[in-house]
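Open your viewer and get ready to click along. We will take this one stop at a time.

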Amino acid sequence: MAGSYALDATVPGGVCIPMGGVTWVSTLSTHRRQGIMRQVLSAVHDDIDERGEPLASLYGSEGGIYETHGYGVASNSRTISIDTKRAKFRAQYVPEAGHVRYISGDDVVDTTSEIWERFRRCRAGEVSRSLIEQDLRFAMGDRPEGGLTGARYLRHNDGYAAYRIDSQWNDGQPAHVLHLIQMVAVTPEAHAALWHSVLNVDLVGEVRSRIVAIDDPIGYLLTNQRDVRTVSTRDNIWLNVRDASICFGARTYRTTDRLVVEVDGKRWAIDGSPDEASCRSVRTRADLVTSHAWFSALLYGGVLPSALVAGRRMTARNDDILRRADLFFPTSLLPHCQTQY
Ligand SMILES: CC(C)(COP(=O)(O)OP(=O)(O)OC[C@H]1O[C@@H](n2cnc3c(N)ncnc32)[C@H](O)[C@@H]1OP(=O)(O)O)[C@@H](O)C(=O)NCCC(=O)NCCS
C-alpha cells in the first residue's frame, strides 16, 4: 500500500504550492523485492500528477530506498537534548511573565490552527494542516502514548508549543523527560517566551525533541550554547519535483542570475532573483548537470550545489558557475518540516 495527502508546501520566498505528501509506503514481508512498491509508487505519482500537484515529497524510513525513485534529500533535522538543571537563559532575554499560558480542550484546535496558518508560511519546507488534521492531531495527542502523558499545550499570542512527559520519579529525585512535539513561534518574542516556559516545567530533568529546526536560535538565548546537545542528525524531507517550471518558478533566489540545469538529459533555465523567477525548458548549454532526485533537492534551498558536486551527484561547467550556484540557490532560514505525514 501507499497513499498521498493533498498538502500545500512553502517554498523559499513564502509562496505555497500544492504538494502530494506520499505516505504509508509498505509491502508485506512475504511479497518483498518483486517490484510491488515500484508499481504502487508509480500509481501514487499518477494520482499526484492528475491532481495537478507540481511536487511530491516524503519522509523516508530508511535512507537507501528513495533516490532511485527520483527523490532527493532537501532538508535535514536533528534530535536535541537539553539538561534543564544546567541550561540557563541569559538574564537579558528572560521574557516578562504573563505571556504564556496553558490551553486545553476546544481552545487547542482553534488556537493551533490560527497560529499554524501564520507560521507555516515563514519557512520553506513547512506544510498546510487542514482542520481535519488539526482535529486528528489533537485527538491523538490527547491520548497517553507508550508511557508518555497526553500532550500539554502552551500558548502565546504568536506561537504555541506542545509536549508530552515521560515520568521518571527516581525514588524521590524526580527528573522527568519532556518530549517537545511542537514548537511553533511566529515572532522572536514568542520563541523566547515558549522556550523559557518549556525549560521551566517543574520536575523535568531533560527536554528532548526531534522537531526543532537545525538553525533554531535557542542556543543563543542561553548562557552556554553547548547546553543544547545534538544527539543525532538525519534526513528530513525528500522531494520529487513533478513540474519543474511551476516549482522552480514559484520560489525566489538569493541573487539575480540565470543558470541552466541539465536533468537526466533535459535542460531547464532558471531566471531568478530575490523577488521573482521563471523556469523553462531550453536547448542552450548546461551550467550544471544532475539527476532528477538532486535537482528536486535544490528546490527548498537547503542543499549547496558544491556539496552535491563533492558528493558526485552533480557536475558544474566550471568553478565560477559553481560559486554562482552556491550563492543563488540557498535560503537564509534552513528549510525544515515538523509535520510528520
Ligand atoms: C521498503 C518497501 C516498501 C519495499 O517494497 P518492495 O515491494 O519490496 O520494493 P520493490 O520490489 O518494488 O523495489 C523497488 C526498488 O527499490 C529497491 N528497494 C526496495 N527496498 C529497499 C531498501 N530497503 N533499501 C534500498 N533499496 C530498496 C529495490 O531494490 C528496487 O530497486 P530496483 O527496481 O532498481 O531493483 C518494503 O520493504 C517495506 O514495506 N518495508 C517496511 C516499511 C517501510 O520501510 N516503508 C517505507 C516507509 S517510508
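The tour goes to the ligand and then to a pocket.

This is a predicted model, where local features need pLDDT of at least 70 and side-chain atom pairs count only at pLDDT 80 or more, while totals for chains, interfaces and linings use all residues. Residues are numbered from 1 along each chain as its sequence is written, and side-chain values use heavy atoms, with hydrogens and water left out.

**Stop 1: the ligand**

Now zoom in on the backbone. At Val25, a polar backbone atom is 2.7 Å from a nitrogen atom of the ligand. Arg33 has a backbone N or O atom 2.7 Å from a ligand oxygen, and for Gly35 such a distance to a ligand oxygen is 2.8 Å. The protein buries 70% of the 900 Å² that the ligand exposes when taken alone (Shrake-Rupley method, 1.4 Å probe).

**Stop 2: the second largest pocket**

Next, select Phe119, Arg123, Ala185, His191 and Pro217, which lie nearest the centre of the second largest pocket among its 20 lining residues. A pocket here is an open set of points on a 1 Å grid where a 1.4 Å probe fits, with protein on both sides within 12 Å along at least five of seven lines; lining residues have an atom within 4 Å of a point. Two elements, β9 (176-185) and α4 (188-199), each give two or more residues to this lining; strands (E, at least two residues) and helices (H or I, at least four) are DSSP runs, numbered from the N terminus. By class, the lining has 12 nonpolar, 4 polar and 4 charged residues.

How values were computed: Ala, Val, Leu, Ile, Met, Phe, Trp, Tyr, Cys and Pro count as nonpolar, Asp, Glu, Lys and Arg as charged, and the others, Gly among them, as polar. A polar contact is a pair of N or O atoms within 3.5 Å; within protein, one must be able to donate a hydrogen and the other to accept it, and residues adjacent in sequence count only if both atoms are side-chain atoms.
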